[in-house]
Amino acid sequence: MLSVRQALETALRQTTRLPVESIPLLESAGRVLAEDVITDVDMPPFPRSTMDGYAVRSEDVRHAPARLQVAGMIPAGSYPNFSLQTLQAAKIMTGAPLPLGADAVQMVEKTRVLDDGSAVAILESVPAGHNVSPFGSEAHQGEVVLPMGTFIAPGVIGLLAAVGKSQVAVYRAPAVGILATGDELVDLTAKPALGQIRNSNSFTLYAQARQAGGKPQLLGVAKDTKADLRQRLTTGLQFDLLLATGGVSMGDLDLVEEVFAEFGLEVFFDKIAMKPGKPVVMARSPRGGLVFGLPGNPISATTVFEVLVRPVMRKMMGFPVYQNQMVLATLTEPFVNRSGRENYAPSVTWYEERRFMVRPLKSKGSGDVVTYAKSNSYLICPIERTELSPEENVVVMLRPDFFYG
Ligand code: AMP
Ligand code: MG
């Protein structure tokens, strides 16, 4: 049986980046750049005042207070057609270009208007360069400001806008098909009859796939029959990634694996030493789509998504790093792991007094969606540890929920 690490390595080895597409800037947040972006302007494009105040020649105000003649006024958006002579200043607004001859700006609070504005008193001296962003100090025209592989965070969007990129080359977002299987499953609009439960996995996985940057689509619920599985797989295998839940535990596995074989799927593993989620199938169709057969148990399915599928999606989308965020946290209470597998326990993690703290939740099992919904992370108990003690430093895998919750 593969360890979690081996399964992840295998899964990533079988994953390739998706092709590049060009999309409008506003749609590109959350994607990964597939091109080096160069700037078509110098940044800033002129020596720019960072304050409202007076542009001066620093040598004129070395001894303050100094009285200077006001040669003009420069609002943002204008360009000065004069230069500063000795003992002259120019009134200047934030974001406006310095006139030739000026090398510093004194903020308005440290000045006093004289002679109805025709002169000014600079009350404190300013060194050269003070309150000025020099020409080209951030980047020069033609320079790469964002390398290929950059994650498009809001700050990156701002820079793309600043260099005039209205269309951006990014890696395509994976189309993710989501298929539930199980004769006991009913739609969420139905009141389950005896022996039935509502299909919840499809909705959890839809939200996760979308959160991970994919384009999910629900493919309904398959009955536990070869004929129905066959029919829905025909659709499902057209996706970049197919997530099926249920039907991979001991009783059902043969059925799913038989149908996979009919479609010529290459299976890379069908169980991993992970709790929750021992039965996990990963395969690839002859057309290239990846398939995960996730356990039906809701907590198992969602956890295996975080541990294996999210990194796979990150690789598809061109992220330079695939791993989830891990931190060391102080355990608040004892934890017991009798599974003989690497245990991913739903937990609450928080930051307090210069350290992360983690509290594993008292789950009633891998179907306990009530407890799981309170978690924001997983405490990871290594395979060889049967017990963890309070105050121990343990590894925690953060979910995106940690940052938004
Ligand atoms: P299975 O892996 O098909 O043996 O299912 C394991 C457990 O998960 C059973 O209790 C199923 O009823 C439950 N289960 C399977 N699929 C779903 C689903 N889509 N939503 C909620 N629970 C499910
Ligand atoms: Mg089932």
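Modeller: Let us begin with a definition: rings of Phe, Tyr and Trp (its six-membered ring) pair if their centres lie within 6.5 Å, and planes under 30 degrees apart count as stacked, over 60 as edge-to-face and the rest as tilted. Ring pairs of this kind link Y351, F356, F402 and F403 into a cluster. Please note that this is a predicted model, in which local features need pLDDT of at least 70 and side-chain atom pairs count only at pLDDT 80 or more, while totals for chains, interfaces and linings use all residues. Residues are numbered from 1 along each chain as its sequence is written, chains are lettered from A and ligands numbered from 1 in the order in which they are written, and side-chain values use heavy atoms, with hydrogens and water left out.

Biologist: How many aromatic pairs are there in the whole structure?

Modeller: The search finds 6 aromatic pairs. In one of them, the ring centres of F402 and F403 are 5.1 Å apart and the planes stand at 85°, so this pair is edge-to-face.

Biologist: Is F403 buried or exposed?

Modeller: F403 is exposed, because its relative accessible area is 53%. Buried means under 20% relative accessible area, exposed over 50%, and partly exposed in between (1.4 Å probe, protein chains only).

Biologist: Which ring does the charged end of R399 sit over?

Modeller: That ring belongs to Y378, and the charged end of R399 is 5.1 Å from its centre. A charge sits over a ring if NZ of Lys or CZ of Arg is within 6 Å of the ring centre and within 35 degrees of the ring normal. R314 likewise lies over the face of F319, at 4.1 Å from the ring centre.

Biologist: What does R399 form with D401?

Modeller: R399 and D401 form a salt bridge, with their closest N and O atoms 3.1 Å apart. The term means a side-chain nitrogen of Lys or Arg within 4 Å of a carboxyl oxygen of Asp or Glu. R399 is buried, with a relative accessible area of 4%, whereas D401 is partly exposed at 29%.

Biologist: How many salt bridges does the count come to?

Modeller: The count comes to 19 salt bridges. One of them joins the side chains of E59 and R57 at 3.3 Å, N to O. Here R57 is buried, with a relative accessible area of 17%, and E59 is partly exposed at 48%. Another is formed by K271 and D270, at 3.6 Å from N to O.

Biologist: Let us change topic. Where is N324 found?

Modeller: N324 is in the loop between α6 (298-316) and β22 (326-331). Helices (H or I, at least four residues) and strands (E, at least two) are DSSP runs, numbered from the N terminus. N324 counts as buried because its relative accessible area is 12%.

Biologist: What does N324 touch?

Modeller: Not counting residues up to four places away in sequence, N324 touches E306, V307, R310, P311 and M397. Contact means heavy atoms within 4.5 Å. A polar atom of the N324 side chain also lies 2.6 Å from the backbone oxygen of E306.

Biologist: Finally, which residues come nearest to ligand 1?

Modeller: Of the 17 residues around ligand 1, the nearest are E184, N199, G247, S249 and G296. A residue counts as near if one of its heavy atoms lies within 4 Å. For G296, a backbone N or O atom lies 3.0 Å from an oxygen atom of ligand 1.

Key:
Polar contact = N/O pair within 3.5 Å; in protein donor to acceptor, adjacent residues only side chain to side chain.
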